[in-house]
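Please open the model in your viewer and keep a cartoon view and a selection panel at hand. The tour goes from a pair of strands to the sheet around them, and then to a pocket.

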Amino acid sequence: MTASSGALDVAAGALWFREALDRQAQAALVADIRAVLAEAPLFTPAMPRTAKPFSVRMSNCGPLGWVSDASGYRYQTFHPDTRRPWPPLPAALLALWERYSGFPAPPEACLINYYGPDARMSLHQDRDEADFTAPVLSVSLGDTALFRIGGEERSGPTRSLRLASGDIFLLSGPSRLAFHGIDRILAGTSTLLPEGGRFNLTLRRVTTA
Ligand code: SIN
Ligand code: FE2
């Protein structure tokens with residue numbers, strides 16, 4: 001399958017694969033993520049400079065992981081609290097990248113975001129990677145999120161989409177640097193996670209392929 005077959009073109013290169021994963025595939029991914037989190041627990045990142053804590057908690061798997069603290073945003077090879085290397089990328093995530101990314105080299109990082117009912121993520125660009133020709137592939141699991149996406153200018157027009165459990169979203173090509181964020185989580189919209197809330201997994205290339 002090509003990267004775009006079955007996708008909704010939200011904007012050029014912003015591809016929304018609704019219900020890409022069935023319930024069984026979603027549950028299997030949640031089990032993979034829980035195994036990762038047993039080794040690399042969720043941590044609370046903080047904003048550069050102000051050190052204000054994020055409302056989203058995070059972890060990573062893969063050779064590199066994205067972290068944020070008072071000294072800034074960056075990728076690093078180890079968990080900021082345990083100092084241990086990130087666990088490997090689960091095979092199922094590598095397979096999703098192969099199927100949907102349209103990019104020849106494998107991902108190097110999977111950022112795991114966990115949103116409780118009150119968590120949100122302000123509008124931002126993913127630009128800590130060296131190669132913007134590689135897409136960012138996102139997988140949503142659990143409660144539906146109100147996702148906002150605009151263009152490359154922060155002040156430009158945006159639109160709002162409901163990302164549901166099992167949806168895959170690709171920021172690629174002309175939309176690779178699109179501003180995006182999560183306005184809020186619609187609590188109780190999914191039964192996938194007994195604790196409620198939402199996991200979002202984003203697969204990224206970090207270095208040039
Ligand atoms: C992110 O931009 O890192 C997360 C987006 C999402 O939660 O869908
Ligand atoms: Fe992002």
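Select residues 136-142 and 198-204: these are strand 8 and strand 13, which pair in the antiparallel sense over six bridges, where strands (E, at least two residues) and helices (H or I, at least four) are DSSP runs numbered from the N terminus, and pairing requires at least two DSSP bridges. Within this pair, Ser-138 has Thr-202 of strand 13 as its bridge partner. The model is predicted, so that local features need pLDDT of at least 70 and side-chain atom pairs pLDDT 80 or more, while totals for chains, interfaces and linings use all residues. Residues are numbered from 1 along each chain as its sequence is written, and side-chain values use heavy atoms, without hydrogens and water.

Finally, show Phe-54, Trp-66, Met-121, Ser-122 and His-124, which lie nearest the centre of the largest pocket among its 37 lining residues; a pocket is an open set of points on a 1 Å grid where a 1.4 Å probe fits, with protein on both sides within 12 Å along at least five of seven lines, and lining residues have an atom within 4 Å of a point. Strand 8 and strand 13 are among the strands that each supply at least two lining residues.

How values were computed:
Chains are lettered from A and ligands numbered from 1 in the order in which they are written.
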